[in-house]
Amino acid sequence: LNLDGSAPVIVLDCLREVTPRETLLRGRRQVRNRIEALHEWIEAQDDETETIALVGHSEYFAVMLGLTRQQFKNCDVWKVSYDPKQRWTDLQLMHRLDKIKS
């Protein structure tokens with residue numbers, strides 16, 4: 001935590017959307033490379049780090065977690081555990097919007 005008690009915000013290039021089509025089969029290699037960079041970043045965190053909140057595009061997280069677009073929807077909030085050997089485990093959907101308001 002920061003001195004004022006707030007959590008630090010870190011912008012990671014590996015979480016940004018490069019192009020809306022990058023999660024299509026043709027672009028998956030780039031996405032998988034970015035997901036691997038995220039794994040490396042997480043594994044480089046000190047042992048005192050217990051919780052990390054990741055914010056990004058649903059397509060990226062669906063690929064990362066091995067879920068379909070029907071399983072991981074836009075604006076979902078998921079709680080997952082990370083293990084360097086098993087990667088993402090204990091997936092729990094915490095919040096889903098019924099309708100996206102315009």
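This report describes salt bridges in a predicted model.

Side chains of opposite charge can pair when their charged atoms come close. In this structure the count comes to four salt bridges.

| Pair | Closest N to O distance |
|---|---|
| Glu36 and Arg87 | 3.4 Å |
| Glu59 and Arg69 | 2.8 Å |

The side chains of Glu36 and Arg87 form a salt bridge, with N and O atoms 3.4 Å apart at the closest. This pair links distant parts of the chain, 51 residues apart: Glu36 belongs to helix α1 (residues 28-43) and Arg87 to strand β2 (residues 87-95). Glu36 has a relative accessibility of 34% and therefore counts as partly exposed. Arg87 is also partly exposed, because its relative accessible area is 24% and the buried class requires under 20%.

Glu59 and Arg69 form a salt bridge in which the closest N and O atoms are 2.8 Å apart. Glu59 is partly exposed, with a relative accessible area of 28%. Arg69, at 30%, is partly exposed as well.

Asp13 counts as exposed because its relative accessibility is 57%, and the exposed class begins over 50%. Arg16, at 45% relative accessibility, counts as partly exposed.

Conventions: Residues are numbered from 1 along each chain as its sequence is written. This is a predicted model: local features need pLDDT of at least 70, side-chain atom pairs count only at pLDDT 80 or more; totals for chains, interfaces and linings use all residues. Side-chain values use heavy atoms; hydrogens and water are left out. Buried means under 20% relative accessible area, exposed over 50%, partly exposed in between (1.4 Å probe, protein chains only). Helices (H or I, at least four residues) and strands (E, at least two) are DSSP runs, numbered from the N terminus.
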